[in-house]
Amino acid sequence: MKTPVGFLFSGVRAGIKPNRRDLALVFSETPCAAVGCFTANKAKAAPILDAQSRLPSSKIHAVIINSGNANALTGPVGVQDVQSVCTAAAKALQIPADGIVSASTGVIGQRLPAHKIIAAIPQLVEELRQEPEAAAEAIMTTDTRVKMAMRAVSISGKEITLAAICKGSGMIAPELATMIAVVVTDCAIAPAALLSCLQEAMTDSFNSLTVDDDMSTNDVVFAMANGRAGNPSLAANSQELKVFSSALADICQELAREIAADGEGATKLIEVRIAGAPSAPIARDLARAVAGSNLVKAAVFGADPNWGRVLSAIGAKAGSRRYEVDPYRAAVAIQGVPVFDKEPLPHEPVQLRAKMRKPEVLVEVDLRGGTAAATAWGCDLSYDYVKINADYTSLIVPTVDGGVAKDDRLSNYSPAFKASLLVEALSYISRFSSTRCVIKYGGAAMVKDSLKKSFCDDIILLRSVGLQPIIVHGGGPEITSTLEKLGSKPHFVDGMRVTDASDLKVVEMVLTGSINTELVTLLNREGGHAVGVSGKDGALLRARKLHSEPGRDLGQVGEVTKVNSDFLEMLLKQKYIPVISPVGIGEDGQSYNINADSVAAEVAGALGVSKLIYLTDVAGILSSGELLSDLAAPDLRRLLENGTIVGGMRAKVESILKALAAGVDRVHVIDGRLPHSVIGELFTDHGVGTLITR
Ligand code: ADP
Ligand code: MG
């Protein structure tokens with residue numbers, strides 16, 4: 001992104017929030033004309049009170065912003081903390097003490113850990129650079145994405161650049177600035193002119209935006225102009241000022257739409273256009289009323305074309321404010337489909353609902369009562385909005401060093417949330433009773449103690465709700481490390497381990513003697529549910545030497561020729577969890593090391609299970625680093641052929657294709673690095689990782 005001349009940005013982790021960037025700096029080497037628009041909330045945060053008392057100014061170099069703590073309603077120490085942060089930052093930047101303002105966002109009512117911010121300032125200054133991404137990330141709170149925008153215009157023959165970062169997701173109300181934004185430009189413009197441009201830009205952007213109508217204590221939009229583009233300073237009422245002003249309005253509008261689309265829990269952006277109003281302020285007020293109506297928002301979430309709520313919201317606002325507006329004369333369209341014109345219009349509800357499932361929903365109302373128009377933005381109201389906000393402070397716990405952490409154990413949630421979670425979970429349980437699922441246990445889940453435990457807990461839980469799991473485990477890194485200890489060098493071909501006769505003894509010892517026993521022990525901590533079996537037990541896995549390409553001898557590596565499913569049926573009938581070690585027995589009595597991915601597929605096919613899960617140490621099947629969440633077998637084959645799938649994933653994918661061909665309905669490749677990923681997969685409709693079907 002191109003940024004204005006002379007501005008630098010940075011964003012670092014100060015430790016206010018765990019494991020996230022939480023401190024941002026925007027800096028101009030030369031002093032700027034700086035202005036701000038501030039929240040109208042009377043419970044203003046300390047940094048807002050400080051900045052508002054010092055702006056407009058022509059001597060500002062920097063804005064420092066922290067997330068994770070709002071420094072609002074913190075008492076007299078709030079302002080002291082602002083001052084100590086600003087003083088330390090000014091010193092590190094070698095600028096005058098009054099050359100910096102600050103902003104904060106996060107939890108209200110907890111003292112700002114100024115010592116943590118001050119300790120991070122040297123790194124913050126060290127990391128200053130032209131790219132604004134890190135700063136934009138550091139100011140995020142419940143935002144799900146970074147918000148930035150950029151514009152370039154030509155003024156007096158000079159290229160003028162504007163760039164902005166902002167955050168805002170919840171507590172977004174249409175009253176003055178409604179989030180934190182910093183707009184910087186290299187344009188030369190006096191503070192007074194900059195302020196009037198910013199105020200004008202606010203009207204059709206941040207002031208026409210609503211997420212939840214809850215005004216924040218910390219909202220501020222800063223604008224800083226350093227004049228480095230070299231244009232003559234913009235004169236009042238000039239054409240040049242108009243060009244700048246409209247670029248500023250444009251950038252603010254882009255950010256306002258971004259904020260609405262990323263509202264807390266939002267799934268859709270709502271744009272409300274009111275035309276034919278008696279005046280612009282009335283048009284704006286009515287547009288906001290529709291975009292902010294909880295009933296309209298909930299209907300948009302459900303893709304329900306409930307146009308009555310639109311006119312009702314307009315009628316209510318017009319009535320309470322005594323506006324000369326008559327809803328009976330109006331025309332209403334949703335997603336371009338006329339639904340009302342002085343009377344209800346016939347329309348095709350199924351098609352309109354389909355149109356309303358798009359990520360942006362447009363509501364247009366022509367009031368036929370004047371010539372003024374306005375647009376407002378908002379978002380839908382989803383179940384997640386309540387989830388995010390119902391237990392917000394109950395989940396935030398202070399850490400000993402003054403930061404905050406999230407403790408989202410179920411016990412900290414409200415009874416209502418717990419109940420809804422359990423109801424959702426229990427509704428899956430009936431689906432599971434006596435269904436069978438083969439799970440290939442591999443990757444990181446086999447290494448980390450906490451993950452081993454959470455995997456075994458999941459399996460026991462699943463069995464207790466009637467699912468019948470069958471586990472096939474791999475060797476993981478343990479075989480390699482044991483072989484290395486014994487002086488043998490591991491060698492892989494396409495993810496398959498080359499195994500000679502002496503290695504085979506070690507492989508068997510690790511697989512059957514160590515990994516299998518450990519898993520069975522963990523599963524049988526309470527009660528005897530699991531039975532460990534090697535493929536040799538009951539001749540469960542008949543095998544022969546794997547026929548590899550000429551010149552590639554994999555040694556004692558085998559492939560399954562037959563699964564003794566009667567043996568498994570017997571265990572399953574008695575409600576045992578078979579835990580299978582992937583070692584096979586040949587007709588000649590030889591032992592074979594068999595790739596566990598293929599054993600899982602063969603067992604799944606032989607038992608006729610509907611679900612096969614591969615637990616591994618990546619998010620799923622990836623293409624150019626992106627997770628592919630849904631794949632059909634032909635697509636997967638193509639990825640195998642075009643070289644997207646290599647290494648250990650090749651063996652898995654070949655096995656997956658075989659399993660699908662053998663009648664398995666759904667194969668999942670999921671991330672075993674996440675605790676409880678098996679439960680997450682089975683107990684949610686969207687699941688995690690990659691789902692492969694025929
Ligand atoms: P496991 O213990 O689960 O069998 P492997 O290392 O044998 O683990 O196989 C999984 C590995 O395959 C991943 O860690 C990844 O490095 C590799 N891999 C290769 N191609 C892909 C791909 N397209 N998508 C995902 N993983 C891939
Ligand atoms: Mg593997």
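Two strands pair if DSSP finds at least two bridges between them. Strands here are DSSP runs of E with at least two residues, helices are runs of H or I with at least four, and both are numbered from the N terminus.

**Entry 1: ground rules**

I am working with a predicted model, where local features need pLDDT of at least 70, side-chain atom pairs count only at pLDDT 80 or more, and totals for chains, interfaces and linings use all residues. Residues are numbered from 1 along each chain as its sequence is written, chains are lettered from A and ligands numbered from 1 in the order in which they are written, and side-chain values use heavy atoms, with hydrogens and water left out.

**Entry 2: the sheet**

I looked up β22 (residues 541–545) and β25 (residues 583–586), and they pair in the parallel sense over two bridges. Within that pair I found Arg542 opposite Ile585 in β25.

Next I wanted the strand order: the open sheet has four strands, running β23-β22-β25-β26, with mixed pairing. β23 (558–563) and β26 (591–593) are the edge strands with a single partner strand each, so one side of each has no neighbour in the sheet. I noted an average twist of 50° from one strand to the next; angles run from 0 to 180 degrees between N-to-C directions, and axes are lines fitted to C-alpha atoms, for helices over the stretch in contact.

Which helices pack on it? Helix α16 (residues 501–523) does, touching β25 and β26, and its direction makes about 75° with that of β26. Touching is contact, meaning heavy atoms within 4.5 Å. Helix α18 (residues 596–607) also packs on the sheet, but touches β22 and β23, at about 15° to the direction of β23.

**Entry 3: α17 against α18**

I checked helix α17 (residues 565–573) too: its axis and that of α18 come within 10 Å and cross at roughly 75°. That makes α17 roughly perpendicular to α18 (the label covers 65 to 115 degrees; under 35 is roughly parallel, over 145 roughly antiparallel, the rest oblique).

On the α17 side I listed Ser565, Leu568, Glu569 and Leu572, which meet Val603, Ala606 and Leu607 in α18. By class I get five nonpolar residues, one polar and one charged. Ala, Val, Leu, Ile, Met, Phe, Trp, Tyr, Cys and Pro count as nonpolar, Asp, Glu, Lys and Arg as charged, and the others, Gly among them, as polar.

**Entry 4: Ser28**

Buried or exposed? I got a relative accessible area of 0% for Ser28, so it is buried (under 20%; exposed is over 50%, partly exposed in between, with a 1.4 Å probe and protein chains only). Ser28 is found in strand β2 (residues 23–38).

Its side chain reaches the backbone oxygen of Thr30 at 2.5 Å and makes a polar contact with the side chain of Asn226 at 3.4 Å. A polar contact is a pair of N or O atoms within 3.5 Å; within protein, one must be able to donate a hydrogen and the other to accept it, and residues adjacent in sequence count only if both atoms are side-chain atoms. Leaving aside neighbours within four places in sequence, I find Ser28 in contact with Gly6, Phe7, His61 and Asn226.

In helix α1 (residues 46–54) I found Ala46, Pro47, Ile48, Asp50 and Ala51 buried; their cover includes β2 and α2 (77–93).

Pro18 sits in the loop between β1 (7–12) and β2, partly exposed at 42%. Pro18 and Thr399 are 381 residues apart in sequence and 9.6 Å apart in space, C-alpha to C-alpha.
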